[in-house]
Amino acid sequence: MKKILIFFFLFLFLLSANAREKYNFNSDWKIDMQKGKVTLPHAWNENESFRVSTYEMSNAIVWYRKEFKLPASAQGNKVFIEFEGAKHAAEVWLNGKKVGINENGVMAFGFDLTPYLKDGKNLIEVKTDNSDRYHEEATKSAYQWNTRAFFANYGGLSKNVWLHITDEVYQTLPLYSNLGTTGTYIYAKDYAINERTATIHAESQVKNESNRAAIIGYEVIVEEKNGKEIARFQGEKVTIPAGGIKTIAAEKRVSGLHFWSWGYGYLYNVKTRLVVNGSAVSDEVCTTTGFRKTEYKEGKIYLNDRVIMVHGYAQRSTNEWPGVGQCVPAWMSDYSNNLFVKSGGNLVRWMHVTPWKQDIESCDRVGLIQAMPAADAESDTYGRRWEHRLELMRDAIIYNKNNPSILFYECGNQRITAQHMIEMKKIRNVFDSEGGRAIGCREMLDQPEAEYGGEMLYINKSDTKPMWMMEYCRDEAHRFFWNSWSYPFHKEGDGPLYRGDPATAYNHNNDEFVVECVRRWYDYYLERPGTGTKCNSGGTKIVFSDTQTHGRSADNYRVSGVVDPMRIEKDAFYAHQVIWDAWVEDFNPRTYICGHWNYEMGFKVPTIYVVSNADSVALLQNGKLIPQASRDYRFLFTYKDVAYEAGEITAIGYNKDGKEESRWQIKTAGAPAHLKLTSILNPTGWKADGADCALVQVEVVDKNGQRCPLDNRLIKWQIKGQAEFLGGIAKNKPYDFFTNDAALKSKSLDAVGDAALEKIRKFPHLNHAGQDTIPVECGVNRVILRSLTKAGKVTIIAKAEGMADAEITLSTEAIEVKDGLTKFFPANGLMPILDRGETPSTPSFTQKMVEVPILSSTAGSNADKAYLTHDGYEKTEWASINGRDSAWISWTLIENTRVDEVCIKMSGFRNTSYPIVVLAGDKEVWRGNTPKSLSYVRLPLKDCPVTNKYTIRLAGDASIKDAFGAVKELDVTNDEITSKARKNLKILEIEFLKNVE
């Protein structure tokens with residue numbers, strides 16, 4: 001009986017045996033000319049992060065080397081290495097033999113190491129070259145995207161590396177370059193969202209590298225993240241000959257599903273298993289994925305049958321931090337990307353190059369939609385450089401096709417030809433035909449081959465494919481500057497010239513930065529779904545966090561973010577929460593007061609900004625009502641010359657029925673009393689792997705623990721124990737750095753001499769990056785610590801003049817590394833964030849207006865071109881000729897009706913104001929000057945009769961002067977061209993709208 005039980009349990013073990021193993025290969029690397037070993041990801045020039053501008057980062061050929069030993073289980077099996085990426089070229093050698101090379105600098109790649117391995121110790125060497133002048137070995141062609149301006153040059157092995165051990169019959173890896181394989185593909189179809197049901201499809205490319213044919217069974221298990229099984233199904237058995245490769249599949253209708261959504265990163269583990277020749281399970285791959293339904297129609301984006309308007313950020317794909325660059329642990333990717341969502345963002349448009357897998361998987365967990373580019377710089381390209389882009393898109397789609405957060409594939413940062421779009425679309429159709437992802441490009445407004453479009457910052461509309469804008473609101477503001485009348489008294493817009501011109505838009509104070517963010521979003525809000533038959537589907541602000549690349553301010557980095565490089569929130573973060581916390585217009589009630597409440601008694605605060613999505617707002621100081629001055633851009637409430645009293649100021653938002661629905665309050669802080677330290681840690685515990693990081697925040701607080709918003713004292717950091725100090729970032733103490741205390745105490749910008757200010761402007765790079773002494777800004781700052789490979793206690797001490805030391809003690813947890821391999825994976829244990837809940841079943845907007853279609857049109861001149869005003873393409877125009885007498889155009893609608901509003905996009909819209917008269921039949925229903933805009937303008941018609949004939953006449957000379965200054969396309973050829981003919985009327989598109997009854 002005992003023998004029978006032994007054989008029975010042995011049989012069960014064989015049935016569940018899995019030859020596949022995956023190891024973390026990040027440990028114990030040695031970098032040329034650096035002491036000790038490092039744990040990947042680790043850029044050899046990481047200490048340049050934010051210390052220098054992107055244009056000053058180092059180029060070099062640097063070798064990474066590592067000794068390792070394989071486990072006994074690898075004997076007789078296949079061994080593959082997977083690099084999530086390297087910058088820029090990586091040439092791999094094993095035991096003195098060249099394995100291969102990858103040169104695109106962006107995408108994951110892999111190699112079959114099996115032929116090069118030996119028993120005992122093995123030596124792997126990787127020669128990296130991060131030159132921005134790197135040329136492909138075989139063709140001598142440069143890579144278009146390898147440019148310092150858009151792609152911070154963190155050199156070497158700056159992403160994770162994995163080792164895979166498989167049986168000779170195995171499911172392939174999704175690594176097309178070098179290996180030529182496509183891996184596993186999981187998707188759902190035939191969705192019934194309300195019934196929580198869909199058909200789940202799984203398919204795997206299987207390779208037989210044994211010396212005989214194999215009969216393969218295929219089993220799929222769908223599990224919740226907690227391990228609970230919800231479905232199990234099989235495919236038909238398939239025979240694969242020796243040396244052969246086939247794709248096998250299975251699918252099943254599954255109910256009880258939770259669908260992935262914005263702020264609801266619901267994920268499943270899908271296990272695909274091979275049973276070879278009827279014996280044990282010889283290969284199992286676990287794919288973490290989610291299921292969601294998408295549609296792109298009527299100019300709208302549908303997620304799980306609900307219209308969603310894009311509002312998010314165009315973020316640099318390096319997503320970098322001070323001191324460590326992009327090489328952060330997985331939990332810090334979650335921390336940063338979840339802040340996107342907390343700010344109201346629902347989409348990240350990664351810029352110029354494909355993000356690394358860690359950020360893509362992080363967006364899955366936090367519920368953040370992604371637009372994934374392949375790679376480019378600016379503009380279309382040809383020849384071998386275009387082939388580079390095709391190959392990279394292919395590799396990126398194959399590698400990331402199971403990540404539910406990707407809804408858009410971006411083919412270029414600017415317009416490409418129709419033929420190039422067809423070529424890109426073909427790649428999507430071959431490798432991800434069922435993933436529910438639109439493929440398109442910026443500025444593809446007129447090309448049906450693209451499935452979405454949109455310019456950089458001008459507002460486009462459509463009733464077919466979605467139009468969303470790629471990089472709006474390019475303004476910049478350093479977190480340190482509240483407003484012009486608060487310490488350190490930075491004058492709004494003051495800063496050095498940029499390319500010879502004033503750079504006021506890049507040197508905002510935070511209150512004016514908020515105004516600009518609200519103003520620019522309002523352009524999109526006006527054309528949201530429901531405001532007509534055509535609509536705009538939103539836009540992405542540039543950027544989320546301050547970035548090392550391509551800045552224009554007085555700093556050596558870009559301060560366009562709504563958080564600073566350490567992810568400390570600016571006021572604009574909270575302003576976006578208010579204006580974005582909706583799918584379209586179904587707002588969660590929010591109100592926010594910009595700034596602080598610490599002034600001298602009796603001081604008249606020149607401006608207080610309140611951002612609210614309420615219908616009305618009341619502002620109270622210590623319970624007394626402050627009269628409202630104005631309301632602009634739907635969300636901005638402005639109060640002027642408020643006499644300050646210490647205490648509290650409260651903003652209360654009311655709905656249209658006068659019921660309170662939101663409030664925000666700020667209080668006066670007392671005198672600085674002590675330092676407060678707070679740790680922000682890996683939720684699974686701080687790991688002693690040599691790569692995991694901890695954030696430590698310091699605040700200067702009063703006796704009640706409230707942050708002192710004007711404090712800028714220096715903090716001296718001291719670290720004891722098993723961690724290294726990477727530091728943080730801050731502006732110089734801008735005035736007392738070069739001036740005496742008397743000037744500082746005067747609190748007057750005038751008292752700080754011109755010579756001192758000029759010195760400040762000449763030292764923009766002194767930002768404390770990497771230093772152990774760093775000031776707080778507005779009473780708060782953060783630093784990064786990185787663990788060592790020995791576990792133990794870490795004591796952090798913060799010292800500041802005039803205050804007692806603050807101290808906290810943390811601990812790191814040991815992980816096991818043997819022979820250079822570990823089963824510890826940095827993302828293990830990080831759970832999906834479900835804070836926003838499942839996709840609501842209610843509509844996200846109300847259809848308020850619809851377009852009355854135009855039957856025909858005529859004009860006083862250029863009549864044969866009059867149809868261009870209603871051809872649906874915003875790049876064509878009708879223009880009158882021969883002076884003002886012929887500057888009129890008429891439209892005949894398909895029905896007699898009362899039109900409530902004319903929505904019109906004029907040529908020269910950003911710089912030209914046209915004096916016009918609008919006639920309904922023979923009756924004048926609007927007269928005035930068209931506003932200058934970045935978009936359409938809406939003209940409400942007064943007492944409009946029922947008619948089908950509408951006319952616009954020019955009533956005077958147009959005025960021409962740009963109204964938007966620094967709000968420009970980077971490529972000036974895409975900027976709206978000034979309309980020079982003052983006596984001519986020029987129209988791009990027009991819509992006649994009526995209210996929905």
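Which side chain makes a polar contact with the side chain of Asn483 at 3.4 Å? I opened the notebook with that one, keeping in mind that this is a predicted model.

**Entry: Asn483, polar contacts**
I looked up the 3.4 Å pair and found that the partner is the side chain of Tyr599. I also found a polar contact between the side chains of Asn483 and Ser486, at 2.6 Å.

**Entry: Asn483, setting**
Where does Asn483 sit? I placed Asn483 in the loop that links strand S27 (469-472) with helix H6 (510-526). I then set aside the neighbours within four places in sequence and listed what Asn483 is in contact with: His490, Asn509, Asp511 and Tyr599.

**Entry: a four-stranded sheet**
I moved on to an open sheet of four strands, and I noted the order as S1-S10-S5-S8 with antiparallel pairing. Strand S1 (21-24) and strand S8 (109-112) are at the edges; each has a single partner strand, so one side of each has no neighbour in the sheet. From one strand to the next, I read an average twist of 20 degrees.

How many bridges join S1 to strand S10? I found four, with S10 covering residues 161-166 and the two strands running antiparallel. For a handy reference pair, I jotted down Glu21, whose bridge partner in S10 is Ile165.

Methods. Residues are numbered from 1 along each chain as its sequence is written. This is a predicted model: local features need pLDDT of at least 70, side-chain atom pairs count only at pLDDT 80 or more; totals for chains, interfaces and linings use all residues. Side-chain values use heavy atoms; hydrogens and water are left out. A polar contact is a pair of N or O atoms within 3.5 Å; within protein, one must be able to donate a hydrogen and the other to accept it, and residues adjacent in sequence count only if both atoms are side-chain atoms. Contact means heavy atoms within 4.5 Å. Two strands pair if DSSP finds at least two bridges between them. Axes are lines fitted to C-alpha atoms, for helices over the stretch in contact, and angles run from 0 to 180 degrees between N-to-C directions.
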